[in-house]
Amino acid sequence: MTNNKNHIINKKDLLERSLYVFGASVVLLILIWVLEIILKKIPFSISSIFQIHKDISIWIVDTLPFLISVFYYITIKRDSDAKTKLYKEAELRNSLLNKYTEIAERLGSGDYETPIIDEEENNELVSSFKYLLGYLRATRRKENDQTWVSEGKELISRILRLYNNIEELSFNVLKSISDYINVEQGAFYVFNENTEILSCSSTYAYNRRKYINEEFKLGHGLVGQCAFEKDFIYRTEIPKDYISISSGILGDQKPSSILLVPLISNEKLMGVMEFATISEKIPKLSIQFLLELGEIIARTIYNLKLNQQTELLLFESRELTEELRKNEKILVENADIMEKTQLELKKSNEKLEAQVSEAENARGKLHWLLENASEVISIYNKDLQMTYVSPSVKKILGYSPEEMMLGKDFERLTRDGALAYKKLIEETIEKKYVSRTITYSYVSKEGDTIFLESSARNFLEDPSIKGIIINTSDITEKIRAEKEERLKTRMQSLSENSLDLIIRLSTNGRFHYLNPVVEDYIGISAENMVNKNLSEINFSELLKEYFENSLQEMKIKAQKTNSEINLPVRMGEKLTERIISFDAIPELTQNELETILFVGHDITEAKRIEKEIQIKNDKIEDSINYAEKIQKALLPEIGLIKENFPRSFVFYKPRDIISGDFPWFMPQNENLLIAAADCTGHGVPGALLSFIAFFLLKDVATQNPNSSAGEICDSLHENFRTTLKQNTAFSDTRDGLDIALCKINPEKMQLEFAGAHRPLLLLSDGELTEFKGNRKAIGGIELLKKTEEKFENYKINLKKGDKVFFFTDGLTDQLGGPYGRKYSPNRLRNNILENPGYTMQQYNELFESDFNMWQKGFKQLDDVLMIGLEF
């Protein structure tokens with residue numbers, strides 16, 4: 001590059017060189033003058049110079065020095081300019097090469113954070129470096145998160161290995177976790193399986209140990225609810241009665257966020273950890289870390305409990321040993337007496353061991369008998385609460401005793417069945433010595449409807465029972481057997497009185513049985529055909545050929561077949577054609593074909609009706625298509641949603657022509673209401689419910705313009721029940737709808753959300769937050785033993801660029817993929833998190849293509865609806 005620079009001539013050197021050329025040209029001009037003077041033989045003098053200039057050609061020659069120097073200047077300057085331009089381009093390329101080399105070296109050394117790219121540069125290489133830098137930063141963040149979780153687990157695992165006392169262990173674990181995830185307050189609750197109470201073993205706040213003696217029953221308070229549901233609870237809306245965080249610096253403050261994590265090992269609850277902080281939220285990574293840590297801590301507590309029980313037994317053993325040592329002298333002095341005593345004791349022990357063994361065997365037999373008994377034995381107290389249920393409930397009803405104790409005894413009954421069961425217990429309490437029996441239906445865990453028979457006896461005054469004993473038997477098979485017996489009894493009379501042709505042929509073509517109706521179609525009485533061969537009777541050749549072919553086919557492969565035959569039949573003097581559907585059924589004895597039973601059904605009228613049904617089906621299909629037009633006219637246009645939310649998408653895929661899922665949109669003053677609703681069922685039933693839900697939702701929102709999203713859901717819930725008469729005692733309609741409802745103020749960038757079985761996902765700054773809806777639907781029959789809660793109303797402050805997503809369960813419940821599993825909420829969340837920079841249109845294309853790929857080869861199970869909004 002330096003050599004090229006040396007070849008570039010500056011302006012001063014170029015001028016000097018041009019003067020040198022001009023001087024040389026002048027010298028050449030003088031030589032030309034001298035040569036001209038010599039050739040013309042003119043004496044040398046000044047006047048001779050003027051004399052030769054009388055020739056015009058000399059004047060032209062005189063211009064040569066000027067022309068040559070000018071030509072030289074222009075030529076050299078043009079060459080110099082070209083070289084200068086090439087040099088600058090080479091310098092620029094060299095600079096860019098050095099810059100990109102430096103970028104590559106920084107990336108190779110792991111420096112992803114230092115700004116190394118000019119944001120104003122915009123070319124293909126810069127775009128590639130920006131993409132690579134973003135990917136490397138994301139990878140590093142992910143690795144840092146994994147490292148943080150792993151280091152946290154290792155830290156807590158070291159602490160778990162250090163302590164054998166639950167109180168000390170819980171405090172040190174609580175302190176380390178609070179410091180590690182940077183929260184101000186924590187509490188550790190240990191679950192007592194015998195009393196079913198959660199007791200506070202340790203609390204911690206602002207680097208100090210605190211002593212708060214609290215206890216919670218299952219389902220009571222946030223701690224009891226977390227333990228009962230065996231699921232974490234994360235709240236940013238804190239109850240008024242929640243304890244304050246005290247600090248010498250901050251004073252008393254209510255926490256802004258609380259997190260409760262259940263400690264579960266092998267499906268057994270060991271305790272609950274509770275954390276509170278004045279920060280606005282607890283990072284998602286910290287929540288994930290605590291969920292993974294929960295099982296490790298639970299397993300340690302489980303082992304500590306076992307160790308404590310072992311230590312207690314060892315302590316008792318040592319006390320006994322010490323007592324034996326103290327009495328050793330007395331034992332030696334009384335050796336003879338002791339020996340006799342030992343012999344007697346040995347005999348007593350052997351006898352006692354035999355009795356214990358016999359008792360254990362009896363207990364084992366009793367447990368086996370209860371587990372494999374043909375009936376379920378349950379005990380209820382006077383408050384109608386189940387206090388015991390035999391292990392045989394698992395075999396008969398499919399539910400474990402624990403599940404039955406938690407309410408499955410009433411929950412899986414029909415309303416009439418629940419009332420009858422309750423009445424059985426109440427009347428047994430009132431009439432002590434009267435035993436009553438009821439029969440009712442029950443839905444097992446597998447979803448099958450079975451029939452049960454229950455009888456109740458009053459043992460409230462028996463101190464060993466103190467309850468109502470109910471013996472329940474599965475009589476489904478009994479009812480089925482009785483039904484089959486009734487059917488068998490009817491079969492003989494039905495056969496004789498049947499309008500169908502019933503014929504039994506042996507394998508060699510001999511008639512064994514014909515019912516009387518055969519004569520109407522063949523024209524020969526049954527008596528004249530029994531015990532005769534096909535070849536011996538003169539009847540329809542078409543029917544005879546069918547019998548012969550069926551016999552040959554049955555001999556090759558004995559399986560049921562069906563054929564339709566157009567049989568000419570004489571009805572009076574008129575010959576007509578009837579269409580007979582024949583079922584040929586093989587009858588086997590010890591896997592050997594013995595006879596073939598032919599059952600012929602006259603389907604002439606059915607065929608005529610089938611044609612009429614086809615015509616009606618065409619009309620029904622036309623009606624459904626018209627209903628689709630009506631539904632589309634009622635539902636908001638996608639364009640209207642796009643007009644109010646320019647950056648949005650609606651992924652809508654009904655399973656049938658008309659749908660039970662529908663998007664809903666309504667402007668309301670300065671607010672915009674938008675929802676994704678999922679009515680029970682799909683197709684025509686779902687569409688009918690969607691019409692009801694659509695108009696009810698519009699009426700509720702119009703009549704209550706200042707209501708929050710949660711209050712709108714509450715009003716819709718009551719109106720839905722009233723419209724479908726679900727609030728009456730004899731209603732058995734369980735129809736309703738799930739909904740995700742948003743009330744949005746675009747000017748204030750505020751969003752209210754309420755959901756019935758449906759969540760809302762918020763993507764903000766690369767983090768995905770889930771707001772869970774209530775675990776109940778809009779509508780449905782009111783549960784007898786449960787007090788309903790109001791719908792929770794979430795208030796969310798939005799930022800520019802935030803994205804929200806809400807959807808119906810048709811998307812996540814779709815079966816598909818390589819193993820026929822559900823699409824699942826996790827797959828949906830991963831698609832959002834892995835593509836945080838996508839536009840709404842790109843998200844729409846992503847979910848549509850991903851859903852179609854997942855569903856490939858599987859039938860669509862339900863209507864699909866998903867809405868995405870970007871602010």
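This report covers a surface patch, a strand sheet, salt bridges and cysteines in a predicted model.

**Nonpolar surface patch**

Seven side chains are named in a nonpolar patch on the surface: Phe 22, Leu 64, Phe 66, Leu 67, Ile 68, Val 70 and Ile 74. Together they present about 590 Å² of accessible area. Helix 5, which spans residues 64-108, supplies the largest share of the patch, with six residues. Ile 68 is one of the patch residues and is found in helix 5. Its relative accessibility is 34%, so Ile 68 counts as partly exposed.

Five strands form an open sheet in the order 16-15-19-18-17, and their pairing is antiparallel. The edges are taken by strand 16 (511-514) and strand 17 (561-571). Each of these two has a single partner strand, so one side of each is left without a neighbour in the sheet. From one strand to the next, the twist averages 25°.

Within this sheet, strand 15 (residues 501-506) pairs with strand 19 (residues 592-602) in the antiparallel sense, over six bridges. Ile 502 stands opposite Val 599, which belongs to strand 19.

**Salt bridges**

Side chains of opposite charge can pair when their charged atoms come close. Over the whole structure, 22 salt bridges are found.

With a relative accessible area of 30%, Glu 292 is partly exposed. Lys 153 is also partly exposed, at 25%.

Arg 775 is in the loop between strand 26 (767-771) and strand 27 (778-779), while Glu 229 is in helix 8 (residues 221-229), so the pair ties together parts that are 546 residues apart in sequence. Arg 775 has 60% relative accessibility and therefore counts as exposed, whereas Glu 229 is partly exposed, with a relative accessible area of 32%. Both residues belong to a network of salt bridges that also includes Asp 231 and Lys 772.

Glu 610 and Lys 607 are a pair within one helix: both lie in helix 18 (residues 604-634). They are three residues apart, which means that about one helical turn separates them. Glu 610 counts as partly exposed at 48% relative accessibility, and Lys 607 counts as partly exposed at 26%.

**Cysteines**

A disulfide is a covalent bond between the sulfur atoms of two cysteines. The count of disulfides in this model is zero. Seen from Cys 742, the closest cysteine sulfur is that of Cys 713, at 9.8 Å. Cys 713 is buried, with a relative accessible area of 1%, and Cys 742 is buried as well, with 0%.

How values were computed
Residues numbered from 1 in each chain as written. Predicted model: local features only at pLDDT ≥ 70, side-chain atom pairs only at ≥ 80, totals over all residues. Heavy atoms only, no water. Patch = residues over 30% accessible without salt bridge, like charges linked within 9 Å, V, L, I, M, F, W, Y side chains within 5 Å. Areas by Shrake-Rupley, 256 points an atom, 1.4 Å probe, with all protein chains shown as cover. Salt bridge = Lys/Arg side-chain N within 4 Å of Asp/Glu carboxyl O. Helix = DSSP H or I, 4+ residues; strand = E, 2+ residues; numbered from the N terminus. Buried < 20%, exposed > 50% of the residue type's maximum accessible area, 1.4 Å probe, protein only. Pairing = 2+ DSSP bridges. Axes fitted to C-alpha atoms, helices over the stretch in contact; angles between N-to-C directions. Disulfide = S-S within 2.5 Å.
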